[in-house]
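Here are a few friendly notes to read alongside the model. Please keep the 3D view open while you go through them.

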Amino acid sequence: MARGELKTIKFQMMLSESEARTLDEWAQQHGFKSRAEVIRRLCQLALLVDERAVNVARNLRILDLLALRFMKQVRGAHENFRGRKSRLQDRLAELSEIYHEEIFDQVGDLAVDLHLLLETIQELRSDKNLSDVVELMRQNRQRTQETSEALAIARQNRREERKRLQGVDFNDLQKRMEIVIKSSADLELAQQAAHEEINRWLEGAKAKKEEIKKLEEEREAYLAERHKHKEDRPLGGPGSDEGQGQT
């Protein structure tokens, strides 16, 4: 609906007594005197809800998938690092950092859609001109789209940075530099020692990254083999209901 557009289309509409009573009650509650105006506003509201409901449902579905994936990754970490408590703790901390960020992002997108819905509902219930409200809806949708696109770009940049810096511990580097500087007789010696320590730290970070990559590859291969084994298992085989004798 364009702003200031003339209302030239007429059509007949039949209502039951209860439907008419519900409309009249809604109109009285929000200060409207015309059933036609109420119906126009409720139609706009229904169109908005239908449009945003798709996004809300998508974000809720993604939240469910993220939670399920996180649980599977945690179970996988316990299986892969059984008996290696320190490595298990590192992996769980890494998973928590990754998934809390992803879940937070999805909750943020969900909040944006819900805020748009609630804000527009309040405007449609007000006595503002419907054309003005529709224009506000258009601006809000455009702003929401721009916000969502900006958030998507920021998320992608964070994922790429996290992947690039996987295995890098800056806190460890800071501690090493502090020890080197404090233990050096002067700043010139500290500078040379710091360069050497940074090189050792970088080599260690590279080795840790390769270790993480190798563990991930081993885990993926293990899960793939496990999945293949499940697919190849014949019906009625050991452990299945069909293979057990009936009593």
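1. A term to start with: a nonpolar core is a set of buried Ala, Val, Leu, Ile, Met, Phe, Trp, Tyr and Cys residues joined through side-chain atoms within 4.5 Å. Buried here means under 20% relative accessible area. Please bear in mind that this is a predicted model.

2. With that in hand, which residues make up the largest nonpolar core? It has 9 residues in all: Leu-66, Val-74, Ala-77, Phe-81, Leu-88, Leu-95, Ile-98, Tyr-99 and Leu-215. At least two residues of this core come from helix H2 (35-80), and at least two from helix H3 (85-125). H3 gives the largest share, with 4 residues.

3. Setting aside residues up to four places away in sequence, Val-74 touches Leu-92 and Leu-95.

4. Now for the whole chain. The protein chain has 6 helices and 0 strands, and reading along the sequence gives the pattern α-α-α-α-α-α. Of its 247 residues, 27% are buried. If you take the contacts between residues at least 6 apart in sequence, 71% of them join residues at least 24 apart.

5. Leu-42 sits in helix H2. Is Leu-42 buried or partly exposed? Its relative accessibility is 27%, so Leu-42 counts as partly exposed. Apart from neighbours within four places in sequence, Leu-42 is in contact with Leu-23 and Trp-26.

6. The accessible surface of the protein chain comes to about 18,200 Å², and carbon and sulfur atoms account for 54% of that. Phe-11, Met-13 and Leu-15 make a nonpolar surface patch of about 310 Å². Leu-15 is found in the segment before helix H1 (17-30). With a relative accessible area of 31%, Leu-15 is partly exposed. Why can Leu-15 belong to a patch? Patches are made of residues with over 30% relative accessible area and no salt bridge, and Leu-15 has 31%.

Technical notes
Residues are numbered from 1 along each chain as its sequence is written. This is a predicted model: local features need pLDDT of at least 70, side-chain atom pairs count only at pLDDT 80 or more; totals for chains, interfaces and linings use all residues. Side-chain values use heavy atoms; hydrogens and water are left out. Buried means under 20% relative accessible area, exposed over 50%, partly exposed in between (1.4 Å probe, protein chains only). Contact means heavy atoms within 4.5 Å. Patches are made of residues with over 30% relative accessible area and no salt bridge: like charges are joined within 9 Å, nonpolar side chains (Val, Leu, Ile, Met, Phe, Trp, Tyr) within 5 Å. Accessible areas come from the Shrake-Rupley method with a 1.4 Å probe; for residues, only the protein chains shown count as cover. A salt bridge is a side-chain nitrogen of Lys or Arg within 4 Å of a carboxyl oxygen of Asp or Glu.
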